[in-house]
Amino acid sequence: MSTLDVARRELGLVVLYLNKAEARDKICRTIQYGSKFVSKGEAGTAQNVEKSTALARKVFRLFKFVNDLHALISPTTPGTPLPIVLLGKSKNALLSTFLFLDQIVWLHRSGIYKNKEKAEIIGRISLYCWMGSSICSTLVELGELGRLSKSMKKLSKELKGADKHKNEQYRAKLATSNERTLALIKAAMDVVVAVGLLQLAPKKITPRVTGAFGFTTSLISCYQLLPSAPKSKTP
């Protein structure tokens with residue numbers, strides 16, 4: 001394969017990646033929280049970039065609440081424990097509510113919805129919903145990792161003296177475990193971001209800390225959207 005063919009193929013993958021609305025949203029999110037980290041919450045160019053990017057992201061999320069609404073009413077995987085099912089459905093409900101209310105915030109910032117006081121209240125409620133969905137995601141991933149760990153230990157015993165890393169089923173479970181561990185880290189860090197945005201602990205979780213955590217989780221989201229990586233639906 002020639003150098004030109006390789007370059008064409010790689011550019012094709014980049015085009016496919018950037019054609020995803022979700023990927024563009026997460027790239028904008030990276031810029032948003034990176035700017036927040038740089039600005040430290042102070043007025044200036046970085047804060048202007050943060051605000052303009054945050055507003056642009058809301059357009060990418062228009063009607064996105066339908067995705068989690070669909071997941072909410074969809075059947076779950078057979079054999080999933082009831083607590084994990086309830087946490088998963090709670091996550092879907094909270095995330096769908098966040099995305100729906102966020103559209104009202106966008107209408108206000110665009111100048112269409114004029115009631116500033118109500119828009120600010122709705123904005124805070126939406127952030128609490130997002131924080132709740134992130135907490136539910138964290139607990140779901142912890143529960144699923146616990147189940148997966150037991151399954152892997154059981155499989156290791158069944159394989160006895162054989163090299164478990166050569167077993168296809170074990171390798172698949174290990175890959176899933178790595179994916180869920182990454183999702184757990186992201187969800188837990190997003191809880192911190194939500195606390196920072198709500199200013200629930202302003203002395204400990206400063207705008208710079210919020211920006212650093214948000215920037216990190218944005219990079220994780222961008223990675224999860226790569227063709228060879230697990231896809232994410234979190235905001």
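This is a predicted model: local features need pLDDT of at least 70, side-chain atom pairs count only at pLDDT 80 or more; totals for chains, interfaces and linings use all residues.
First, the overall layout. The chain has eight helices and zero strands. If you read along the sequence, the pattern is α-α-α-α-α-α-α-α. The C-alpha trace spans about 65 × 55 × 35 Å along its principal axes. There are 235 residues, and 38% of them count as buried. Take the contacts between residues at least 6 apart in sequence: 72% of these join residues at least 24 apart.

The surface comes next. The chain exposes about 13700 Å², and carbon and sulfur atoms supply 64% of that area.

Now back to the salt bridges. How many does a search of the whole structure find? The search finds twelve. One of them joins the side chains of glutamate 22 and lysine 26, at 3.8 Å from N to O. Both residues sit in helix α2, four residues apart, which is about one turn of the helix.

Glutamate 22 has another partner, lysine 64, and here the closest N and O atoms are 2.8 Å apart. This pair links distant parts of the chain, with glutamate 22 in helix α2 and lysine 64 in the loop between α3 and α4, 42 residues apart. Glutamate 22 and lysine 64 are both buried. These residues also belong to a network of salt bridges, which links Glu22, Asp25, Lys26, Arg57 and Lys64.

A further salt bridge joins the side chains of aspartate 102 and lysine 58, at 2.7 Å from N to O. Again the pair links distant parts of the chain: aspartate 102 is in helix α5, residues 82-109, and lysine 58 is in helix α3, 44 residues away. Are these two buried or exposed? Aspartate 102 counts as buried because its relative accessibility is 5%. Lysine 58 has a relative accessible area of 8%, so lysine 58 is buried as well.

Which residues form it? They are Val14, Leu18, Ile27, Ile31 and Val49, with about 340 Å² of accessible area together. Helices α1, residues 3-18, and α2, residues 21-39, each supply at least two residues of the patch. Leucine 18 has its place in helix α1. Its relative accessibility is 39%, so leucine 18 counts as partly exposed.

Last, two residues in loops. Phenylalanine 63 is not a glycine, yet it has a positive phi of about 65°. You will find phenylalanine 63 in the loop between α3, residues 45-60, and α4, residues 65-73. It is exposed, because its relative accessible area is 60%.

Glutamine 199 is not a glycine either, and its phi is positive, at about 55°. Glutamine 199 lies in the loop between α7, residues 168-198, and α8, residues 207-224. With a relative accessibility of 61%, glutamine 199 counts as exposed.

Notes: Residues are numbered from 1 along each chain as its sequence is written. Side-chain values use heavy atoms; hydrogens and water are left out. Patches are made of residues with over 30% relative accessible area and no salt bridge: like charges are joined within 9 Å, nonpolar side chains (Val, Leu, Ile, Met, Phe, Trp, Tyr) within 5 Å. Accessible areas come from the Shrake-Rupley method with a 1.4 Å probe; for residues, only the protein chains shown count as cover. A salt bridge is a side-chain nitrogen of Lys or Arg within 4 Å of a carboxyl oxygen of Asp or Glu. Buried means under 20% relative accessible area, exposed over 50%, partly exposed in between (1.4 Å probe, protein chains only). Contact means heavy atoms within 4.5 Å.
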